[in-house]
Amino acid sequence: TDTVDATSADVDDTVLDRLLITAANFSDGADEIVTFNTEVFTLNTTKTGTEVAGGTTFNIAYVTGTGIFTITKDGGGDMPIGDVNTLIRDITYENSSQDPTEADRTFTFVVRDDDLANSNNAVSTITVAADNDAPTIDLDVNNSEGTGGDDYADTFTEGDAALAITDTVDATSADVDDTVLD
């Protein structure tokens, strides 16, 4: 959401009864996270939490099967529009996967006033783009030869048997977002 000018409004009311946010097209499990200021929701876990915005404590209930966040005033009653606006401006999305599914994620917002009239649908679209992380190689993970970093060193003396050029116990290559190397 736009942290400056995202708003909800009602020309004939100053309070709202409920805010619904429907999250769609999520496929990266616990790596996809929505945060309401400080209250964190992973999109693969049903959860209820509270968050304070303005002078209002909001109850936020998320249901994994439907992807719906239902936001009401904690303890019931009406939510001041200004406090709802503060709440929606502090919502963030994060994907912590090293290999996220590339696709648009959508959040559809609908508010309802105390006369039970629903607003228009306002949609926030977040495009997730993967970034190819470079592979790594470490020739001596536990630094048994004392070289530090990813390097390996040993000494060959004339007449010695063949000498390994990497640590034969823990030399490794890795790629956090791939299982094969080309």
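Colleague: Which residue forms a salt bridge with Arg105?

Modeller: The model is predicted: local features need pLDDT of at least 70, side-chain atom pairs count only at pLDDT 80 or more, and totals for chains, interfaces and linings use all residues. Residues are numbered from 1 along each chain as its sequence is written, and side-chain values use heavy atoms, with hydrogens and water left out. A salt bridge here is a side-chain nitrogen of Lys or Arg within 4 Å of a carboxyl oxygen of Asp or Glu. For Arg105, the closest N and O atoms are 2.8 Å apart, and the partner is Glu32.

Colleague: How many residues apart are Arg105 and Glu32?

Modeller: Strands are DSSP runs of E, at least two residues, and helices are runs of H or I, at least four, both numbered from the N terminus. Arg105 sits in strand S9 and Glu32 in strand S2 (residues 32–36). The pair links distant parts of the chain, and the separation is 73 residues.

Colleague: Which residue is linked with Glu32 and Arg105 in a network of salt bridges?

Modeller: Arg105 and Glu32 are both buried (under 20% relative accessible area; exposed is over 50%, partly exposed in between; 1.4 Å probe, protein chains only). The network that holds them also includes Asp28.

Colleague: How many salt bridges does a search of the whole structure find, and how far apart are the closest N and O atoms of Asp17 and Arg112?

Modeller: The search finds four. Asp17 lies in strand S1 (residues 15–24) and Arg112 in strand S9, so this pair ties together parts 95 residues apart in sequence. Both residues are buried. Their closest N and O atoms are separated by 2.3 Å.

Colleague: Why does Lys47 count as partly exposed?

Modeller: Lys47 forms a salt bridge with Glu39, with closest N and O atoms 2.8 Å apart. Glu39 is buried, at 16% relative accessible area. Lys47 counts as partly exposed because its relative accessibility is 27%.

Colleague: Asp83 is buried yet has no salt bridge. Which residue has its backbone nitrogen 3.2 Å from a polar atom of the Asp83 side chain?

Modeller: Asp83 is in helix H1 (residues 81–89). The nearest side chain of opposite charge (Lys and Arg count as positive, Asp and Glu as negative; His and the chain ends are not counted) is Lys73, 7.7 Å away. The backbone nitrogen at 3.2 Å belongs to Gly55.

Colleague: Is Glu102 buried or exposed?

Modeller: Glu102 is in the loop between strand S8 (91–95) and strand S9 (103–113). Its relative accessibility is 53%, so Glu102 counts as exposed.

Technical notes:
Polar contact = N/O pair within 3.5 Å; in protein donor to acceptor, adjacent residues only side chain to side chain.
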